[in-house]
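Please consult the sequence and the model alongside the text.

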Amino acid sequence: MDKILEGLVSSSHPLPLKRVIVRKVVESAEHWLDEAQCEAMFDLTTRLILEGQDPFQRQVGHQVLEAYARYHRPEFESFFNKTFVLGLLQQGYHSLDRKDIAILDYIHNGLKLIMSCPSVLDLFSLLQVEVLRMVCERPEPQLCARLSDLLTDFVQCIPKGKLSITFCQQLVRTIGHFQCVSTQEKELREYVSQVTKVSNLLQNIWKAEPSTLLPSLQEVFASISSTDTSFEPSVALASLVQHIPLQMITVLIRSLTTDPNVKDASMTQALCRMIDWLSWPLAQHVDTWVIALLKGLAAVQKFTILIDVTLLKIELVFNRLWFPLVRPGALAVLSHMLLSFQHSPEAFHLIVPHVVSLVHSFKSDGLPSSTAFLVQLTELIHCMMYHYSGFPDLYEPILEAIKDFPKPSEEKIKLILSQSAWTSQSNSLASCLSRLSGKSETGKTGLINLGNTCYMNSVIQALFMATDFRRQVLSLNLNGCNSLMKKLQHLFAFLAHTQREAYAPRVFFEASRPPWFTPRSQQDCSEYLRFLLDRLHEEEKILKVQSSHKPSESLGCNETSLQEVASKAAVLAESHCTSDGEKTLIEKMFGGKLQTHICCLNCRSTSQKVEAFTDLSLAFCPSSSVENLSFQDPASSPSTQDVQGLTQASVPGPSEEPGVYNPATAAFVCDSAMNERMLGSPSDEFCCTENACVPSESSTILVNKDVPQKPGGGSTPSVTDLLNYFLAPEILTGDNQYYCENCASLQNAEKTMQITEEPEYLILTLLRFSYDQKYHVRRKILDNVSLPLVLELPVKRTTSFSSLSESWSIDVDFTDISENLAKKLKPSGTEETCCSRLVPYLLSSVVVHSGISSESGHYYSYARNITGTESSYQMCHQSETLALASSQSHFLERNSPSAVIEQDLENKEMSKEWFLFNDSRVTFTSFQSVQKITSRFPKDTAYVLLYKKQNSTNGLSGNSSASGLWVNGDPPLQKELMDAITKDNKLYLQEQELNARARALQAASASCSFRPNGFDDNDPPGSCGPTGGGGGGGFNTVGRLVF
């Protein structure tokens, strides 16, 4: 019969005829055959199954073998013996390799045929050994899947006892070696199916023998934590995660994170590879385990691993959102990684460029599932933008893309952030630094945040972008000096010429930090700016005096302590000369003069005083600011030392009368209204007698009602309005009457202030922060303020008081005493008004405070280059003629000629001239963005403004000699500076080369290290850190009250 069958399958007869004959052969199996005939038939059918040339031959082999094995079971048991099966597994069959899946299928079918025979037990014993050997040989996925099928049907073949643990461990290693090189969908589906069969086998073994589970998981961790660069474990290991009981998460994660034998490098690799598992389709609970491990590492304060893994994998996780099968798990992991990474915006900013395209894609498909997903994603994005609110250039496109989706409430955002934050990270993250890359396309250099130093960075960038000041600093010959000006020159030189994306100003920070500023805590940028300018001014004065008194000796230029500077300045103040030739650089660039004029309304005698200033502090009109105050917890109030010596701004409480304010706590009253810098002499009191009416805490001053309290009847106030309010006349009356020496009694008086000498750069501080002593709360005025591109500053030109210097005098009495009091609320005298002129200024830079708290938040700045000879603004001088004939009460009318010029200039300056400096990050922006910053981001408000005076010439002595060298650019650097920059640039190139080599060698598997750049204000207190821009106080730390 075997000869007939062999001839039939190899004949050329039609296939239907062959099938009929095969059916006859199968039916003949019921007849008796001797042992030799049966063996011959078994040999033939085995050969057809294993070596058949076509599917028909293999099918015939299976049919005939099953029929004859069923009716001749003893003979088949004798044929399918232990020796025969062992030979197939170890040597193969004729030309067929032993690893061919056909052999495993044949054995699988054979076991089914002799399942009821006693000899099958011997085969089970044999297969328990052989399957372990096969798994140790790392079979391909297809063969391993067939083996899993066999072991699933015949669990008796699975190794027992200790060998079962070994088998499971080896099977895990085998899965770790699986690879699928094909990208075709059919092959990929087949591959996933094969892996699923193997993982299901392991699940069955774990259920049957629980003792095998933990060793198997240990093997999984050993595979994914391996730092061997020659081996990358397969993502197929993700298929095992869904079979691990969730009840074991807590125990396993605690065991892993607290095991001292697990090195950080291994843990980093393991976590990275687990995140890679998110791409495995159909795998369940991968996100649960990833998040659990992230939380476990945070619990044991292994922040180095978390930082490295987050920055390395955040973009990969975000990209998984494109794939529906893995989207839910990817979104869960992405949310946890972003919300817990609260010390720096670096991780969030890595995905920001990809958000808009993802949102547009899902919005266009219109599927309900896509809409539901976008709702979750936009909530996450809103949380992150709230937390890092100081990056409008990055967020505006995102806001536009997600504007149609609901925005979570502020309370919900705060709750989400508080629940997700890493704990106890303040000390661990102090030295973590962000990555460096090449210099930005703007050509500008950022400043690395050294830990809540954004207040310094924003000020330095504004000063650097003050072109004339920068050029003067860079042109100074300070070789051999160790002064603060030398350090500023060094910093400016590196900002101008380094190839680094961001520079770390550590030396300058330590030298310029006010002694009362707590290191690594948020401070007030305006206070820092005043201190810096004072230090530079006093230092130069001392050096000039030393040079004039000791011309034959070297100046030494040693760094002078703050105490020495203060004591010497006090001695030198009396002999200080203010002629242009004797002015310091700070006086030349930022110094102005303000004349305070008090007129007795009884005898019309006047007293006046001229004082120097470097900045003006502009208060908000009371009625326009009280509505938009932001309150903080009354329990947290500043200590006495926190507010000592600082300018305070306050607004009237609900019970106070409109237009009346307390001068002791209002920064816009009299001398406290501005931070007058007495660059040459100490301040004097208003009157010389003991009982003189100096403003006190209990006194009040009536504000001139002619000054608009809320310009435009509720419209947005402008800087011009605030300047109007600052210079508005005041009536000293009631308890605040003025002691007139001429009348020898207390009298009602009119007080006015006029600028008599304008600075080259006008610094304006908007007084947004206050401490309400009645309610014991800290407040920030969140009012939007319109920033004019062109500002006209009223300057009084007169010679009548030129001999007064900076002392008080009594002038001749005015006539017409019978004029009523209402008219006296207007500026006195027409002679002085005729001498006024409007000096045009151009907006140079804006320092923005982001946040709702005075002692926290984030600072960044907008700036542009403006020189003193910009011909495009010469039209501004046409307004001077009109100014000479106008009344001072209209010195800042909005309809002045500069308004037309400003509109024309805005159109020209919208595109490319402005830059946004945000610590290490520098980007292009536009004046339109500057104008709309508060309307788009309510917590981001302009705080310090820098305006540049427009002159027909530069106006600085000493420029003419150097103009041939650098009239249109920065001056050449001193050799010492150039050598330092060249050396650092070479070092930077070497670092870049080493980094490139390291990446090529896949050195990411090495032990994690902290970054070479500072995080954005990563240390408490201050909301540049964990509560960035959110208005909280950072960690549980008492913050300073800054103004």
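## Terms and basis

A polar contact is a pair of N or O atoms within 3.5 Å; within protein, one must be able to donate a hydrogen and the other to accept it, and residues adjacent in sequence count only if both atoms are side-chain atoms. The model is predicted, with local features requiring pLDDT of at least 70 and side-chain atom pairs pLDDT 80 or more, while totals for chains, interfaces and linings use all residues. Residues are numbered from 1 along each chain as its sequence is written, and side-chain values use heavy atoms, with hydrogens and water left out.

The side chain of D919 makes a polar contact of 2.9 Å with the side chain of N449. D919 lies in the loop between strand 19 (914–918) and strand 20 (921–925); strands (E, at least two residues) and helices (H or I, at least four) are DSSP runs, numbered from the N terminus. These two strands form a hairpin with 2 residues between them, and D919 in the turn has a positive phi of about 55°.

D919 is buried, that is, under 20% relative accessible area with a 1.4 Å probe and protein chains only (exposed is over 50%, partly exposed in between). A salt bridge requires a side-chain nitrogen of Lys or Arg within 4 Å of a carboxyl oxygen of Asp or Glu; Lys and Arg count as positive and Asp and Glu as negative, with His and the chain ends not counted.

Strand 19 is largely enclosed by the rest of the structure, because 5 of its 5 residues are buried. W914, L916 and N918 point one way, and F915 and F917 the other.

Strand 19 pairs with strand 20 in the antiparallel sense over 5 bridges, where pairing requires at least two DSSP bridges. W914 stands opposite T925 in strand 20. On strand 18 (residues 858–863), which is also antiparallel to strand 19 and joined to it by 3 bridges, Y862 is the bridge partner of L916.

## Charges over rings

K444 lies over the face of F915, at 5.1 Å from the ring centre. The criterion is NZ of Lys or CZ of Arg within 6 Å of the ring centre and within 35 degrees of the ring normal. The charged end of R470 likewise sits over the ring of F464, 4.8 Å from its centre. F464 belongs to helix 22 (residues 454–464), in which 11 of 11 residues are buried.
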